[in-house]
Amino acid sequence: YTYAHASASVDGARVHIAENAPHIGEVGLDFTPVKNWSFGGRVTGRSGYRYTPQTETFRSAINVEDLYQATLTSENAAQFPAHVSIDFSFRYDFGGGRVFASVGNALNRANPIISVADGYVYDSGILPSVGLRLTL
């Protein structure tokens, strides 16, 4: 588990200066039932990243000082929903190398990563990967 938070007072306005997720937790398990085979899994959960929302505040600012304060207070003022991912992997080692595969976000949970005017843009879904490593 990790907790991180950073903010500052800028000209009387409290501003979030960190764009990271304040809470991050991860649990992983690796299992080797026989000599050359390995299976693993990982569950990751985190609070959403901070972002600066699109607001109408800028249009309602009467003077430069109001605009400045509105800009400061809206900086990183919103937070994406929580992000959860379950990943699986396997590995087979042989005399000259290794074959491996993994599936990220195996349950295909929609995790928002970008904020746009009409909602969120979500990550790319299930992320499979396979590989071969040869030792020369």
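My notes below go from the whole chain to its sheet, and then to single residues.

**Entry 1: ground rules**

I am working with a predicted model, in which local features need pLDDT of at least 70 and side-chain atom pairs count only at pLDDT 80 or more, while totals for chains, interfaces and linings use all residues. Residues are numbered from 1 along each chain as its sequence is written, and side-chain values use heavy atoms, with hydrogens and water left out.

**Entry 2: the whole chain**

I looked up the elements and found two helices and twelve strands. Here helices (H or I, at least four residues) and strands (E, at least two) are DSSP runs, numbered from the N terminus. Read from the N terminus, the order is β-β-β-β-β-β-α-α-β-β-β-β-β-β. The radius of gyration is 22 Å, well over the 14 Å that the globule rule gives for 136 residues, so the chain is more spread out than a compact globule. That radius is taken over C-alpha atoms, and the globule rule is 2.2 Å times the number of residues to the power 0.38. I also noted the span of the C-alpha trace along its principal axes, about 70 × 30 × 30 Å.

Next came burial: 22% of the 136 residues count as buried. Buried means under 20% relative accessible area, exposed over 50%, and partly exposed in between (1.4 Å probe, protein chains only). The accessible surface comes to about 9100 Å², and 60% of this belongs to carbon and sulfur atoms. These areas come from the Shrake-Rupley method with a 1.4 Å probe; for residues, only the protein chains shown count as cover.

For contacts (heavy atoms within 4.5 Å), I took those with a separation of 6 or more, and residues 24 or more positions apart account for 54% of them.

**Entry 3: the open sheet**

Which strands form the open sheet, and in what order? Six do, in the order E1-E4-E5-E8-E9-E12, with antiparallel pairing. Strand E1 (2-3) and strand E12 (127-134) stand at the edges with a single partner strand each, so one side of each is left without a neighbour in the sheet. Two strands count as paired if DSSP finds at least two bridges between them. As a reminder to myself, strands of a sheet pair through backbone hydrogen bonds, either parallel or antiparallel.

I then followed the pairs along the sheet. E1 is joined to strand E4 (residues 23-31) by two bridges, running antiparallel, and Thr2 stands opposite Ile24 in E4. E4 and E5 pair antiparallel over eight bridges, and Val27 has Val43 in E5 as its bridge partner. The hairpin that joins E4 to E5 passes through five residues. E5 pairs in turn with strand E8 (residues 83-94), antiparallel over ten bridges, and there Thr44 stands opposite Ser85.

**Entry 4: the E2-E3 hairpin**

Strand E2 (residues 7-10) is joined to E3 by four bridges, again antiparallel. Ala8 stands opposite Val15 in E3. Two residues lie between E2 and E3 in this hairpin, and Asp11 in the turn has a positive phi of about 50°.

Is Thr32 buried, exposed or partly exposed? Thr32 sits in the loop between E4 and strand E5 (37-46), and its 45% relative accessibility makes it partly exposed. Beyond four places in sequence, Thr32 touches Trp37 and Ser38. Thr32 and Ala8 are 24 residues apart in sequence, yet 48 Å apart in space, C-alpha to C-alpha.

Asn76 is in the loop between helix H2 (64-74) and strand E7 (78-79), and at 5% relative accessibility Asn76 is buried. Its contacts beyond four places in sequence include His16, Ile17, Arg50 and Tyr51. Asn76 and Val15 are 61 residues apart in sequence and 7.5 Å apart in space, C-alpha to C-alpha.

Ser47 lies in the loop between E5 and strand E6 (50-51). Ser47 is buried too, at a relative accessible area of 15%.
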